[in-house]
Amino acid sequence: MQKFNYSIKEPEGLHARPAGLLVKCAQSCSSNVKVAVKGQTADAKRLFAVMGLGAAQNDQLTFTVEGPKESAECAKLKAFCEENL
Amino acid sequence: MERIHGTGASDGVAMGRLVLWHGCQANVEKYTIKDVSKELERLQKAQDEAVDALNEIYFKSLKRVGKKDSMIFRIHMMMIQDEDYSQAIRDRIKENKVNAEYAVWETGQEFSARFAKMDSEYMRGRKTDIIDISDRLVKCLNPEYGSGKIAVNEPSILAADDLTPSETMQLDKSKIIAIVMRKGSRTSHSAILSRTMGIPSVVGLGDGFDNVKDGMIAVVNGTAGEVILEPDEAEQGKCQQALEASSRKQQELKSFLGAQIKTKSGRIVAVNANIGHPADAETALKNGADGIGLFRSEFLYMGCATLPTEDEQFEAYKSVLEKMGNKPVIVRTFDIGADKQIPYLHLPKEANPALGYRAIRICLDRKDLFRTQLRALVRASAFGNLKIMFPMIISVKEVREAKQMLQETKSELESEGISFVHDIKVGIMIETPASVILSDELAKECDFFSIGTNDLTQYTLAADRMNDKIAKIYDQSNPAVLKMIELTAKNAHKAGIPVGICGESAADPKLAEFYLKTGIDELSVAPPSILGLKKTLKQACEKSAAV
């Protein structure tokens, strides 16, 4: 299992478009991907669940990645966050 | 007569008859089913159909309002296919033995209620999206629930509780003269779309909307956020006057369509258009542009999922050049970075993007990208009056390096036997204090200058133009900025090259006289501002003998 944290820079937070992109990225991973914020956890492959987190700017997201390709996919998700969120 | 108030979501005034639009989410019939698997199959089929339909709307919308405002339909596709949402519908069918339409409707209500409770205004707004996709699914399951098309026969004001993005997209702009809504905010997608489409709109009317009745006459003032129901004669007269004044102003400005701005000393000042998309060239011509002063080529990179190919870029440049005939077209090589990010380039987030890896800095570092653009530009030069401009210059070395690459590109194309214009004019953007200080030396390297006042103001005053808190400090007519412009103009003219302005402040009527006195040769503004600016300049030329 791999974990990493990321603080949201996007002024509108994890709104529809970035949430959609994140879910697309998570769906392309074979690992089990969970994202947690403020004590709430969601399956990162599910759009409504991710949007339902209501994550705002400066909120810290914690990603948990679990599966055979977890290190590579963890790096991929991290790179995605840095570019898009 | 009654006045109701809301939030002005899109500027302008309109008067006409109200057409009340009822969404179609109410009255979904509920009945007990026997064959669960058949019902699940119906659901699956409807989901596939809805996704196909959304894909089609997405591409239509892309042409009409661009990528950013169309993205919502992509999100809708994902929502319809979302596992939690689909599972909730399937569970209702299986456990409650209800028809798919009803299961969808109930699930939509449940999910939208969840969003309605959220903290952020933006997220609360998303409940409309859920209602929208649920409606769409219901309609795919049973077309009798309405076509979702808003049919209006005469020019009317559309009144609705709330409008979903797909409803707004399907509006026939020629028939809808304004939109009023009970719900919604300035940031709801419908508000954004109505602004892009240029229809006046007042949203968030709340309880005041109870008085809105089908067929009433109303005056909508999108600028003031006010709706007058059944206006009396005095109000109707006022509105009529406002409409006439605005159309007179439009008409009067039309007399400047072919106007050429000539100062008393005989100098000609060109009024050009800033464009971002090849289709905008048409708008520029309709508004009397003397040429294109700034084609922001980065928009070709922003509307797609991958890099535009050489041929795609070539076609875009060629179409603008052909449309403009022998009028000059200044294409700025891509200014990517800072506030204009391109996801597929995988540029890392920076702490200070305005001071970071952007524009010419990317061009000279990622030469592969730059070479593709230069090849497309040089090839297109055969089809009109092309000029090339490099952004964000801070040194003579950068200009020489960029010109060197342009020269290499020309030799390459020559050896391939492709024809092009050999002496394409090359200029630079003056938008950094460094380029102003060096403008005497830079002028020897290029054929023209164009001052980008937006960035020049930001860098001269050390004031972030995206930061609302210092909006007052970010002043494009600050004396420091004006001195920068004067120095640049002096050095350009000393070297015998023309100098233009292509930032927001080019359209500022208060600066028109200053520009004339400084000897600015060209002003480039958004197409709707061209005629107004020509009028201001003409008056300033007549008034002042000094220019």
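Visitor: What do the buried residues of H21(B) pack against?

Guide: In this predicted model, the buried residues of H21(B) pack against elements of chain B, namely helix H9 (233-254), strand E9 (261-262), strand E10 (268-275), helix H20 (512-518) and strand E17 (522-525).

Visitor: And which residues of H21(B) are buried?

Guide: The buried positions in H21(B) are B:Ile530, B:Leu531, B:Leu533, B:Lys534, B:Thr536, B:Leu537, B:Ala540 and B:Cys541. As a general point, an α-helix has 3.6 residues a turn, so residues three or four places apart point the same way.

Visitor: How far apart are the end C-alpha atoms of that helix, H21 of chain B?

Guide: The end C-alpha atoms of helix H21 (residues 530-543) of chain B are 20 Å apart, which agrees with the 20 Å that its 14 residues should span at 1.5 Å a residue.

Visitor: Switching to cores, which residues touch the most other members of the largest nonpolar core?

Guide: That core has 78 residues, and B:Ile292 and B:Ile428 are the ones that touch the most other members. If neighbours within four places in sequence are left aside, B:Ile292 is in contact with B:Asn272, B:Ala273, B:Ile275, B:Ala281, B:Ala284, B:Val320, B:Met324, B:Val329 and B:Ile330. Another core, of 57 residues, lies apart from it, and its members include A:Val33, A:Val50, A:Ala55 and B:Ile75.

Visitor: Chain A now: what pattern does it follow along the sequence?

Guide: Chain A reads β-α-β-β-α-β-α along the sequence, with 3 helices and 4 strands. Of its 85 residues, 42% are buried, and among the contacts in chain A with a separation of 6 or more, 68% are between residues 24 or more positions apart.

Visitor: How many residues does each chain bring to the contact?

Guide: Chain A contributes 19 residues to the contact and chain B contributes 21 residues. On the side of chain A that touches chain B, helix H1 (16-27), helix H2 (47-52) and helix H3 (70-84) each supply at least two residues, and the largest share, 5 residues, comes from H2(A).

Visitor: What about the split into nonpolar, polar and charged on that side of chain A?

Guide: The residues of chain A that touch chain B divide into 7 nonpolar, 6 polar and 6 charged.

How values were computed
Residues numbered from 1 in each chain as written. Chains lettered and ligands numbered in written order. Predicted model: local features only at pLDDT ≥ 70, side-chain atom pairs only at ≥ 80, totals over all residues. Contact = placed C-beta atoms within 7 Å. Nonpolar A, V, L, I, M, F, W, Y, C, P; charged D, E, K, R; others polar. Buried ≥ 20, exposed ≤ 12 C-beta atoms within 10 Å, placed from the backbone. Core = buried A, V, L, I, M, F, W, Y, C linked by C-beta atoms within 7 Å. Expected span 1.5 Å × (residues − 1).
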